Amino acid sequence: MPQTVDSPSRVSEEEVTPRTESEDSSPVRNRLSRFFADFRHPGPWHVLVITAILALLGFGGLFFWRWMHRPATQSLSVVIADFENSTGNPQFDLALKTALTIDLQQSPLLAVSSRGKVRQTLVELKAPVDKPLTPEVAREVCSRIHDQTYLSGSIRRFARKYMVSVAAFDCSSGRSLAESKGIAESPDGIVAVLDKVAVDLRKQLGEPSDTITRFSKPLFAGRTPSLEALKAYADASRLGLEGKLQESVTPYQHALELDPEFALAFADLGVAYSNLGEQDLARKSLTRAYELRDTVDEPDQLFIVSTYSNIVTGDTQASIRNDKEWSAEYPRNPVPLLHLADLENRIGKPALAVDPAKRALQLNPGDAYPYIVLARAQLHLGQFEQAVDTCQLAIERHLDSEQIHGFLFQIAFLRLDQAEMDRQIAWAKDQPAEPYLLQQVGLMDFALGKAKNAQAVLESAADEYRRQGESELANQMVSRIPRIEAELGLTSAAHTLLARLPKSSESLTGDSVDVPVAWAHVGETARADALAKRELESHLTTTLWQEDFGPQIKAAIDLNQQRAEDAIEDLKPAIPYDLYSFDGPGMRGRAYLAAKQPDLAEVEFHKILDHPGIEPLSHNYPLAQLGLARALAAQGKTVEAGFAYKVVLQIWKDADADLPRLKEAKAEFARLATEPGRTSGETGRATTKPAPSASSPRKPSASRR
């Protein structure tokens with residue numbers, strides 16, 4: 001019987017297989033074989049080799065880990081002192097500091113403290129704000145606001161040439177951190193030299209070369225620099241910072257006469273026009289800035305795109321996306337945060353506005369606008385105590401404005417605090433802010449049913465605006481009146497006022513939807529429809545027009561023509577904006593009542609009654625209370641309806657006796673009292689609030705900075 005050969009025998013055969021000549025003749029292979037074979041019985045030198053290898057691997061791994069986890073270059077906060085100018089040419093004084101600021105703001109790692117922040121710090125230090133900021137004072141400001149670096153610059157003349165020098169110092173120790181110089185052959189060549197000096201300073205301060213390469217576009221890229229244009233631009237910017245918007249227009253225009261491709265001047269002029277209510281001029285300037293956006297640096301491109309999207313195209317979501325990108329790229333810049341917060345407020349998302357507004361305020365507590373945006377968001381959320389604190393902080397820092405005092409007036413009205421309302425009116429007396437506070441009084445009177453007095457007060461406020469040279473604001477404010485009157489039942493008065501409004505009031509801008517809605521309310525539906533079609537066609541990309549204002553006009557037309565179901569359908573796109581204005585839910589609630597759906601009407605009216613901070617002085621508040629009473633009565637909830645009617649009558653206790661809605665409320669309450677008591681099994685949510693509440697109505701100057 002043959003013997004079976006198993007696998008060990010095959011291994012043995014492999015082991016005794018003769019090696020080839022080439023294998024035998026490899027000395028390296030032989031040495032390695034002996035080396036690793038000796039590790040079966042290691043000696044001291046083997047241990048030494050192993051230890052060395054492990055040490056190398058350990059140190060290499062540690063180095064690699066540290067390289068992969070190396071900290072990012074630290075950002076620096078910078079205060080820039082005014083240039084020391086020994087040339088005798090005053091053009092250099094503000095122009096060079098403005099140019100250096102623009103150059104350095106390109107860096108994502110350098111946060112240049114704004115002039116507003118520096119100015120506020122000087123006030124706190126009791127130092128003069130109208131004198132040049134010397135290096136010594138700049139260092140003191142820098143330390144006070146906990147910045148790290150201050151810069152001092154100088155310009156000197158040598159024969160026909162100019163030497164520009166800029167140095168950076170540590171705020172706490174005064175130690176020199178960097179210095180750069182350059183020589184220009186002529187005054188207009190100074191800006192180009194300053195561009196190079198700024199790049200050199202950024203390198204010395206530790207900014208990585210990749211960000212410098214990406215973010216270092218010359219101020220006058222691709223064209224001859226104009227120092228005179230830069231000076232005019234700097235003068236205009238200073239006037240704008242001081243709140244002198246009308247005065248800033250002329251130097252902006254002069255800068256553009258000198259340099260027709262000055263994109264930043266076009267952009268800032270457009271913003272100034274918008275804040276002055278000159279929307280056509282604003283759009284023209286911003287459109288030109290947008291066309292020239294490739295000539296400016298990255299942060300200014302983002303600013304131009306954001307403002308263009310906001311004011312020209314009205315594409316709110318595009319503007320929000322741009323602002324988020326801008327803020328992510330430049331997290332130390334408060335401007336995109338403010339833009340973002342303001343837009344979130346305007347689209348009815350105040351909860352999303354609070355955080356960016358607070359961050360903007362922390363970054364630039366010397367600017368008045370963050371206080372306005374934050375206080376408005378807090379009001380819309382019903383955070384009245386926090387809103388008061390924000391307003392008081394602005395006042396303490398001498399950054400109060402008409403909007404700040406308007407908010408305090410509104411909250412005082414909410415609290416039935418007549419003494420506080422009187423204080424706010426007294427503050428505005430004989431000041432440019434007076435017509436704004438008068439506007440608050442007029443809107444309050446409408447909410448309280450005192451329509452005759454309200455119209456007189458608002459007409460007076462409009463006259464004051466015109467005396468101040470702000471006719472557009474006057475027209476926008478007066479154009480609100482007919483809609484309010486019509487919704488309070490005063491259709492004849494509304495029609496009369498509509499007929500005598502200036503023609504410009506029908507050239508609708510911004511959120512001026514009230515005129516066509518008023519025409520629909522008074523029965524002129526063809527005219528309202530024509531205005532709606534015209535504006536919707538000319539605002540194809542404007543988010544609020546397409547989704548909120550246009551639907552309101554269509555719904556007003558349908559309600560006037562007894563098509564309640566169509567009005568409800570019209571208003572569906574406007575639902576996301578219900579926390580921006582009372583107009584949408586108020587009209588939707590009335591449509592549900594007309595459609596015999598009182599339970600859904602009740603929900604809409606509670607959107608108003610449960611969120612008093614949205615519009616504090618709105619006539620829609622008592623109308624919502626009346627609508628709630630009607631909805632409850634229609635559901636058979638007589639007791640709750642009776643209570644709601646009593647609240648309406650309490651709000652309008654001093655109203656004009658002939659106010660149509662008041663007469664209707666009295667008659668309905670009287671009929672309800674004569675009916676047999678009957679309540680449904682469910683209790684309606686009748687409100688217990690005694691008066692209209694608190695936040696900003698849509699007003700001409702709501703976006704003024």
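A salt bridge here is a side-chain nitrogen of Lys or Arg within 4 Å of a carboxyl oxygen of Asp or Glu. Keep in mind that this is a predicted model.

Q: What makes Arg-283 and Asp-280 a salt bridge?
A: Their side chains come to 2.5 Å, N to O. The cut-off is 4 Å between a nitrogen of Lys or Arg and a carboxyl oxygen of Asp or Glu, so the pair qualifies. Both residues sit in helix H13 (residues 279–291), three residues apart, which is about one turn of the helix.

Q: Why is Arg-283 called partly exposed?
A: Its relative accessible area is 22%. Buried would need under 20% and exposed over 50%, so Arg-283 falls in between.

Q: How do you know that Arg-156 and Glu-84 meet in a salt bridge?
A: The N to O distance is 3.5 Å, and the limit is 4 Å, so this one counts too.

Q: Why does the Arg-156 and Glu-84 pair tie together separate parts of the sequence?
A: Because Arg-156 belongs to strand S4 (residues 149–158) and Glu-84 to strand S2 (residues 84–85), the bridge joins parts that are 72 residues apart in sequence.

Q: Are Arg-156 and Glu-84 buried, exposed or partly exposed, and what makes them so?
A: Arg-156 has 31% relative accessibility and Glu-84 has 48%.

Q: What makes Glu-604 and Arg-588 a salt bridge, and which helices hold them?
A: The closest N and O atoms are 2.7 Å apart, and with a 4 Å limit the pair therefore passes. Glu-604 is in helix H32 (residues 598–609) and Arg-588 in helix H31 (residues 583–594), 16 residues apart, so the bridge links distant parts of the chain.

Q: How many salt bridges does a search of the whole structure find, and which residues are linked in a network?
A: The search finds 40. Arg-480, Arg-483, Glu-487, Asp-514, Asp-583 and Arg-590 are linked in a network of salt bridges.

Q: What makes strand S1 "mostly covered"?
A: Five of the five residues in S1 (residues 76–80) are buried. Leu-76, Val-78 and Ile-80 point one way, Ser-77 and Val-79 point the other way, and all are buried.

Q: Why do the side chains of a strand point in two directions?
A: Because in a regular strand the side chains alternate between the two faces of the sheet.

Q: How do you know that S1 pairs with S3 and with S4?
A: S1 and strand S3 (residues 110–112) share three bridges in the parallel sense, and S1 and S4 likewise pair in the parallel sense over three bridges. Pairing takes at least two bridges, so S1 and S3 qualify, and so do S1 and S4. Leu-76 stands opposite Leu-110 in S3, while Val-79 stands opposite Tyr-150 in S4.

Q: Why is Met-444 called buried, and what does it touch?
A: Its relative accessibility is 11%, and the cut-off is under 20%, so Met-444 counts as buried. Met-444 lies in helix H22 (residues 434–447). Leaving out residues up to four places away in sequence, Met-444 touches Phe-409, Phe-413, Met-421 and Leu-617.

Q: Which residues lie closest to the centre of the second largest pocket, and what is its volume?
A: The volume is about 820 Å³. Of the 33 lining residues, the closest to the centre are Arg-590, Leu-593, Ala-594, Arg-630 and Glu-668. H33 gives the largest share of the lining, six residues.

Note on methods. Residues numbered from 1 in each chain as written. Predicted model: local features only at pLDDT ≥ 70, side-chain atom pairs only at ≥ 80, totals over all residues. Heavy atoms only, no water. Helix = DSSP H or I, 4+ residues; strand = E, 2+ residues; numbered from the N terminus. Buried < 20%, exposed > 50% of the residue type's maximum accessible area, 1.4 Å probe, protein only. 1 Å grid on protein atoms, 1.4 Å probe; cavity = no way out; pocket = protein on both sides within 12 Å on 5 of 7 lines; lining within 4 Å. Points joined across faces, edges and corners; volume = space filled by probe spheres on them. Contact = heavy atoms within 4.5 Å.
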